[in-house]
Amino acid sequence: MSESIGGPVSLDGSPASEGIGAGKVFRLEWGVPVVPHRSISDDDTETELGRFHDALAWAKERLEETKAVTEERLGSVEARIFDPQILMLRDSAVVDGTTQYVRENRLSAERAFELRMLELRSMWSRTSHPMVLDRLNDLEDLMIRVLHRLLGKNDPTDLVKTEGGVIVVAPNLTPSLTVQLELGQVVGIATDHGTRTAHWAMLARALQIPAVVGLGDVFQRSVDGQEAIVDGRIGRVVLNPGSREKAHFEARQQRHSEWEQEIGAIAALESVTLDGQVVELRANLDLPGEAGQARDHGAEGIGLFRTEFLVVGRNTMPGEEEQYEAYRATAEAFPDRAVYIRTFDLGGDKFPMFLHMPQEANPFLGWRAIRVCLDQPELFRTQLRALLRATAHGDVRLMLPLVNDVEEIQQVRALLEEEEAQLARDGIPYNRGYKLGVMIETPAAALHAAELARHSDFFSIGTNDLVQYTLAVDRTNTRLAKLYNPFHPAVVKQLHQIARVGRAAGIEVSVCGELASSPLGAFLLLGLDITALSMAWPSLPEIKKLVRDVRMEDARSAARKAIAASSSEEVIRCLLDGIGDAVDVEVFSGRWSLSLPD
Ligand code: PEP
Ligand code: MG
């Protein structure tokens, strides 16, 4: 291992998993090994095929072990992430194709397998479809695994011999690699590619390993054994930190650990501003297993339950019973609290294997969310039935993503009425008074909010998408990360408009996009009189602290100035001035305030 020479290198990517970690770089070369060309004689055919099948069986066993570990650590739903790879091992395109090369071209098992996988990879790579790209990652992972076995090489993920905290630096990761990273030993992950919504990033969050993705060239720039800091909160990685950077991050880390200790106390406190405004703080769930952590961090209900975990990476449609159990468990984890469950938000960067989504030039502008559900009645009705049944176990509210038109809500209501009638005929209980609302995620919905409000019981603003569509900046494009600015005046004006319209219509307006989890963002939202905020559970205590340290009066006055501001920087300035000394923004806020010039 060598120490790199030179000063600190600070790289900005996207935050993918909370927390700060400092340690020594471990470059994870999870690459396809060089496979020597080797022909075999006719007599060796069966031996080679035997080796191939042994390697497949070994890979299956390892994957099943990893799946079992995941199930134990995180839960059965999370463990299903490994199913597509396990299935791939039996796929005839893989097995028969390789067998054919061994038999007909007299190639060694590793060479035949490599060729077949390269063929499949090249076929799949011709599309830019995110679902296929996700599978491509799985395919590559499998290829590396099996080839290592056939070539008798060590597993490159073997970190056991590495001492102390490890920062794993890789071009990208896969779910199986992430689960294999020894807990406690790996204190941070930094990758060139990947998005927050990637499966492995979800696992990193569940395992509480800080991670930053989309760093571009961190793998190339890093050196094994060099010191590094990963700040999964603001999405920054510092290689070779100097004393200044170390001191800065140590202070942040120190504050974070003190913070962790305060969490228990804060979770029990009321979420109310200095001038008496009660603020509902709810959690966003990506996986049902997070409900317990959400509660421990003080969640007063679930503001967004993303249900895509039930379908993404799966080969079959999830059944009504399985869905019902997942929704019911979440409702029961929060008795007497609202639980907003969003119907499948498929498309964009989330695709189930069974839907055979068409390849699209612009998936985020394409067949997505409510559009997919309305076109797939079988899938949608099953979910609606499971949701209706779950309403019998708590205050379950149904939330529709990416709605632009009144007709979309009307179509869903018509489907719900039919399903309700069927449940009534079957004597299955549900709550007739359940609420149905929409996410406001596009400028069209914001401008059309008054009409949408007439047909909705609530609005929940999805700022992640609202920002993307307002600014025409792809939220997954790391190159555009700097342009993806939720404090852009156009976004602020829309938030103001949506809040005003919702209030006038007498319906609840909440925010469940990431903006709510940044102190500056939350302060702005309070100032716009949006007093129901939902966020990833690790941010809850911090936002509660903010709520308890500010006055609505100050937030409103800052928001008034922000609405009139002519630039994002001015918006941020107004908010920082409004917050004043109430909160240590430098330590706790996200990138939006830190990106201000010193
Ligand atoms: C959003 O768009 O803000 C949102 C909460 O939904 P998602 O991030 O799942 O698209
Ligand atoms: Mg969204």
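Visitor: Which residues of H8 are buried?
Guide: In this predicted model, the buried residues of H8 are His 199, Trp 200, Ala 201, Met 202, Leu 203, Ala 204, Arg 205, Ala 206 and Leu 207. Helix H8 runs over residues 199–207 and is mostly covered, with nine of its nine residues buried.

Visitor: Which residues of H19 are buried?
Guide: Buried residues in H19 are Pro 489, Val 491, Val 492, Gln 494, Leu 495, Ile 498, Ala 499, Val 501 and Gly 502.

Visitor: How is a pair of aromatic rings described?
Guide: Two values are used: the distance of the centres and the angle of the planes. This structure holds three aromatic pairs. In one of them, Phe 305 and Tyr 327 are edge-to-face, at 6.2 Å centre to centre and with 90 degrees between the planes. Phe 305 belongs to strand S10 (residues 302–305) and Tyr 327 to helix H12 (residues 320–333), so this pair ties together parts 22 residues apart in sequence.

Visitor: Are Phe 305 and Tyr 327 buried or exposed?
Guide: Phe 305 is buried, at a relative accessible area of 0%, and Tyr 327 is buried with a relative accessible area of 0%.

Visitor: Why is the pair of Tyr 340 and Phe 458 edge-to-face?
Guide: The planes of the two rings are at 90 degrees, so the pair of Tyr 340 and Phe 458 is edge-to-face; the ring centres are 4.8 Å apart. Tyr 340 is in strand S11 (residues 338–342) and Phe 458 in strand S14 (residues 458–461), so the pair links distant parts of the chain, 118 residues apart. Both Tyr 340 and Phe 458 are buried.

Visitor: Which protein donors does the magnesium ion have?
Guide: The magnesium ion, ligand 2, has Glu 441 (OE) and Asp 465 (OD) as its protein donors, at 2.0 to 2.1 Å. Glu 441 sits in the loop between strand S13 (436–440) and helix H16 (443–447), and Asp 465 in helix H18 (residues 463–471), so the pair ties together parts 24 residues apart in sequence. Glu 441 counts as buried at 2% relative accessibility, and Asp 465 also counts as buried at 2%.

Visitor: What is a disulfide, and how many are there here?
Guide: A disulfide is a covalent bond between the sulfur atoms of two cysteines. The count here is zero. Cys 512, for example, is in no disulfide, and its nearest cysteine sulfur, that of Cys 373, is 16 Å away. Cys 512 is buried, with a relative accessible area of 2%. Cys 574 counts as buried too, at 13% relative accessibility.

Visitor: What pLDDT does the chain average, and what share of the residues score at least 70?
Guide: The chain averages a pLDDT of 88, and 91% of the residues score at least 70. Over residues 586–598 the pLDDT is below 50. That stretch has 38 contacts in the model beyond near neighbours in sequence.

Terms used:
Residues are numbered from 1 along each chain as its sequence is written. Chains are lettered from A and ligands numbered from 1 in the order in which they are written. This is a predicted model: local features need pLDDT of at least 70, side-chain atom pairs count only at pLDDT 80 or more; totals for chains, interfaces and linings use all residues. Side-chain values use heavy atoms; hydrogens and water are left out. pLDDT is the predictor's confidence in each residue, from 0 to 100. Contact means heavy atoms within 4.5 Å. Donors are N, O and S atoms within 2.8 Å of the metal (3.2 Å for Na, K and Ca); water is not among the atoms, so sites may look incomplete. Helices (H or I, at least four residues) and strands (E, at least two) are DSSP runs, numbered from the N terminus. Buried means under 20% relative accessible area, exposed over 50%, partly exposed in between (1.4 Å probe, protein chains only). A disulfide is a pair of cysteine sulfur atoms within 2.5 Å. Rings of Phe, Tyr and Trp (its six-membered ring) pair if their centres lie within 6.5 Å; planes under 30 degrees apart count as stacked, over 60 as edge-to-face and the rest as tilted.
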